[in-house]
Amino acid sequence: MYVDFHTHGKLAKYLPFSVEYTRWLLGEAKNAGLDAICLTEHFNTQQFDEVYGYIASHGEQAGDAFVFDGLKVFPGMETDIAEGGHVLSIGPMEAIRELNRRLGPHKRKGSFLPFAALADLFDQYPVLVGAGHPFRAGGHIPELPADQLARFDFIDMNGKDIAEDRARTERLTLAFGRQLGIPVVAGSDTHQATQYGCIRTDFANAANTIGALYAEMQAGRYKIDVHPEAAFKVKTAGILKRALKEVHALGGDYVSVLLGRGETPAVLEAKQRAAG
């Protein structure tokens, strides 16, 4: 079972939720050879609950996963901490949505919870807690006290960081996993679909629940696959993401552009002005 532990369902956190874009992303994840993804949307993205409400209402539930055309989607979240850094959580849908609601007062920079307080909150729910891209610039997770580091369940080997410097990312992340004695699994950090498959976790056995997935992680019955052209996939995704965000900033419909549905409102308006 090929799993991506770090993905997003929106192009950017400040953009409105698009059912069509999210549906397209899920289809592209399946086309990229993935069997399952953890949807770890930013905790302070616009319309967080609508994103997960869509997953819950349109996917076929199988254990803790929601299945879309054969792709399992495990609910999750990516949360900023006051120290600097991102923490992943993966768990049952109701737990993730309730946690996000409880984090409502802490979604703006300057009000992020310190990791100890966030971990106390996570302890109240059946979720796995992961260190997201721990060695990316601006993050300080490796500097947390030992008693706080012991509260993590897994570490994210992140595709964006692999693309930037594979040797450094593998060396530091794997050493961090050995230091803490916890699994290191792969997440692409996808916002734009060409990034799927840059890195993935290859499990020997399938799992439908968070508990079963964690048991496979702890048993080490998996390996991490890095795509030979990971850097190209990530770079291409970044270019397309910036272009689509610019379409939106100019008043266009980036989803229509992406899916080739014809001319956007901005293009039509420009044509009308040119015609006098």
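This is a predicted model: local features need pLDDT of at least 70, side-chain atom pairs count only at pLDDT 80 or more; totals for chains, interfaces and linings use all residues.
1. The buried residues of α2 pack against α1 (19-31), β2 (36-42), β4 (65-68), β5 (71-80) and α3 (93-102). Helix α2 itself spans residues 48-58, and its buried residues are Phe48, Val51, Tyr52, Gly53, Tyr54 and Ile55. Buried here means under 20% relative accessible area, with exposed over 50% and partly exposed in between (1.4 Å probe, protein chains only). Helices (H or I, at least four residues) and strands (E, at least two) are DSSP runs, numbered from the N terminus.

2. Leaving aside residues up to four places away in sequence, Ile55 touches Leu26, Leu39, Phe66, Phe68, Val73 and Met93, where contact means heavy atoms within 4.5 Å. In the largest nonpolar core, which has 61 residues, Ile55, Val87, Ile141 and Phe152 touch the most other members. A second, separate core has 19 residues, including Phe5, Leu88, Tyr214 and Met217. A nonpolar core is a set of buried Ala, Val, Leu, Ile, Met, Phe, Trp, Tyr and Cys residues joined through side-chain atoms within 4.5 Å.

3. On to the cysteines: a search of the whole structure finds zero disulfides, a disulfide being a pair of cysteine sulfur atoms within 2.5 Å. For Cys38, the nearest cysteine sulfur is that of Cys198, 15 Å away. Cys38 counts as buried because its relative accessibility is 0%. Cys198 is likewise buried, at 0% relative accessibility.

4. A word on conventions. Residues are numbered from 1 along each chain as its sequence is written, and side-chain values use heavy atoms, with hydrogens and water left out. Local features need pLDDT of at least 70 and side-chain atom pairs count only at pLDDT 80 or more, whereas totals for chains, interfaces and linings use all residues.
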